[in-house]
Structure formats: structure tokens, C-alpha cells
Amino acid sequence: MDDVRRSVAELAARVRDAHTARVWTPLDYPSWESYCDAEFAVSRAEAYRLLDVARTLAAMNDAVAAAPTRLARETASRPPRPRSTTASPSAP
């Protein structure tokens, strides 16, 4: 199953890169649809679904990468926890 996920992620990234660069124009394909059919063997609708997958994966990767920084900021800005007064039996 992990191989399938990696394959879909790789295909989605390639479709995203091709769409972003509009590669069908310099390659003389008449449309995005014909390019997707010839190069990826997917329909136009499936290509747009793969674009959504690529955007979602990128957003998830960005969120995971930002998590340690965000956690450090949040931790640094929190007030310290109050100390327990019941921990020491010798307290007055």
C-alpha cells in the first residue's frame, strides 16, 4: 500500500509540475487534455484530481515542517505552570 501511495504522490507531483509549466504548449499538444491523455494516460478530470492531491500533499508537508517551529513559539510564549503547593510536606 505504501508503494501505491508513493506512486500516486509522484504522479500527482509530475502532473502539477507539467500544469504549472504549461508544458503542453511548447510540446505542441493542442490542449491540456490531449497532453494528459498522451503523456500520463489520464483524463482531464483525473489530471485535475491529481492536481488537488498534489496541493493537499504540499499543504500537509508544509504543516508538518512548520509544526516544530510553531510548537517552540507557542511553548516560549506560554506562562510557566504554577508549582504545586502540596508537593512539599514542610511548606508552612
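This is a predicted model: local features need pLDDT of at least 70, side-chain atom pairs count only at pLDDT 80 or more; totals for chains, interfaces and linings use all residues.

Student: How many helices and strands does the protein have?
Tutor: There are 3 helices and 0 strands. Along the sequence, the pattern reads α-α-α.

Student: Which element has the lowest mean pLDDT, and which the highest?
Tutor: Confidence may be read for the whole protein and then for its elements. The mean pLDDT of the protein is 86, with 80% of the residues at 70 or more. Among the elements, helix α3, residues 44–77, has the lowest mean, 85, while helix α2, residues 32–40, has the highest, 96.

Student: What percentage of the residues count as buried?
Tutor: Of 92 residues in the protein, 15% count as buried.

Student: Is Ala 58 buried, exposed or partly exposed?
Tutor: A residue counts as buried under 20% relative accessible area and as exposed over 50%, with partly exposed in between. Ala 58, which is found in helix α3, has 30% relative accessibility and therefore counts as partly exposed.

Student: What distance separates the C-alpha atoms of Ala 58 and Ala 13?
Tutor: The separation is 9.2 Å, although Ala 58 and Ala 13 are 45 residues apart along the chain. For the protein as a whole, 44% of the contacts between residues at least 6 apart in sequence join residues at least 24 apart.

Notes: Residues are numbered from 1 along each chain as its sequence is written. Side-chain values use heavy atoms; hydrogens and water are left out. pLDDT is the predictor's confidence in each residue, from 0 to 100. Helices (H or I, at least four residues) and strands (E, at least two) are DSSP runs, numbered from the N terminus. Buried means under 20% relative accessible area, exposed over 50%, partly exposed in between (1.4 Å probe, protein chains only). Contact means heavy atoms within 4.5 Å.
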